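Colleague: Please show me how to read the features of this model, one at a time, with the general idea placed before each case.

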Amino acid sequence: MKFGIHPVSRPVVFRDRSADFAFLTRSTADSDKTVEWEDGSVYPVVDVETSSASHPFYTGTSRVLDTAGRVERFERRYGSPASGAGPAN
């Protein structure tokens, strides 16, 4: 590695405020804010909007889409399709 061209990697706390979850890891991210961690040391903290504690993929929760209601609303608005009519050849 060339000296002086790489960013400094140091311990940083990433905090997900929406899930009240934080984790300590090494990163090159920089922040003016600090937080006292469980070990009593003070680390820079980076607030994030989404983490594994709040993302639907990791939590198993998902938004329910009412597709049947959307289809019915579309048919009411624009009329139902002709029965048995398929694409023209």
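**Salt bridges and exposure**

Modeller: Arg-10 has a relative accessibility of 22% and therefore counts as partly exposed; the class lies between buried, under 20% relative accessible area, and exposed, over 50% (1.4 Å probe, protein chains only). The model is predicted, so local features need pLDDT of at least 70 and side-chain atom pairs count only at pLDDT 80 or more, while totals for chains, interfaces and linings use all residues. Residues are numbered from 1 along each chain as its sequence is written, and side-chain values use heavy atoms, with hydrogens and water left out.

Colleague: Which elements does the chain contain, and in what order do they run?

Modeller: Helices (H or I, at least four residues) and strands (E, at least two) are taken as DSSP runs and numbered from the N terminus. The chain has 2 helices and 4 strands, and from the N terminus on the order is β-β-β-β-α-α. Of the 89 residues in the chain, 15% are buried.

Colleague: How many salt bridges are there?

Modeller: The criterion is a side-chain nitrogen of Lys or Arg within 4 Å of a carboxyl oxygen of Asp or Glu. The count comes to 4 salt bridges. One of them joins the side chains of Arg-10 and Asp-30, at 3.2 Å from N to O. Arg-10 belongs to strand β1 (residues 10-16) and Asp-30 to the loop between β2 (21-27) and β3 (34-36), so this pair ties together parts that are 20 residues apart in sequence. Asp-30 is exposed, at 60% relative accessibility.

Colleague: With which side chains does Asp-47 form salt bridges?

Modeller: One partner is Arg-15, at 2.7 Å from N to O. Asp-47 lies in strand β4 (residues 42-48) and Arg-15 in strand β1, so the contact ties together parts that are 32 residues apart in sequence. Asp-47 also forms a salt bridge with Lys-33, where the closest N and O atoms are 3.0 Å apart. Because Lys-33 sits in the loop between β2 and β3 and Asp-47 in strand β4, this second pair ties together parts that are 14 residues apart in sequence. Both residues are partly exposed: Asp-47 has a relative accessible area of 30%, and Lys-33 has a relative accessibility of 46%. Arg-15, Arg-17, Lys-33 and Asp-47 are linked in a network of salt bridges.

Colleague: How many aromatic pairs are there?

Modeller: A pair of aromatic rings is described by the distance of the centres and the angle of the planes. Rings of Phe, Tyr and Trp (its six-membered ring) pair if their centres lie within 6.5 Å; planes under 30 degrees apart are stacked, over 60 edge-to-face, and the rest tilted. The count comes to 3 aromatic pairs. Among them, Phe-14 and Phe-23 are stacked, at 5.8 Å centre to centre with 20 degrees between the planes. Phe-21 and Phe-23 form a tilted pair, at 5.9 Å and 40 degrees. Phe-14, Phe-21 and Phe-23 form one aromatic cluster.

Colleague: Are Phe-14, Phe-21 and Phe-23 buried, partly exposed or exposed?

Modeller: Phe-14 is buried, with a relative accessible area of 15%. Phe-23 is partly exposed, with a relative accessible area of 31%, and Phe-21 is partly exposed at 31% relative accessibility.

Colleague: Which residues gather in a patch of positive charge on the surface?

Modeller: Patch residues have over 30% relative accessible area and no salt bridge, and like charges are joined within 9 Å. Here the patch consists of Arg-70, Arg-73, Arg-76 and Arg-77. Arg-70 is part of helix α2 (residues 67-78) and is partly exposed, at 49% relative accessibility.

Colleague: What is the phi of Asp-20?

Modeller: Most residues other than glycine have a negative phi. Asp-20 has a positive phi, near 50 degrees. This residue is placed in the loop between β1 and β2, and it is exposed, at 73% relative accessibility.

Colleague: Where is Glu-49 found?

Modeller: Glu-49 is in the loop between β4 and α1 (56-59). At 74% relative accessibility, Glu-49 is exposed. From C-alpha to C-alpha, Glu-49 and Ala-19 are 9.1 Å apart in space, whereas in sequence they are 30 residues apart.

Key:
Patches are made of residues with over 30% relative accessible area and no salt bridge: like charges are joined within 9 Å, nonpolar side chains (Val, Leu, Ile, Met, Phe, Trp, Tyr) within 5 Å. Accessible areas come from the Shrake-Rupley method with a 1.4 Å probe; for residues, only the protein chains shown count as cover. Lys and Arg count as positive and Asp and Glu as negative; His and the chain ends are not counted. The place of a charge is taken as NZ of Lys, CZ of Arg, CG of Asp or CD of Glu.
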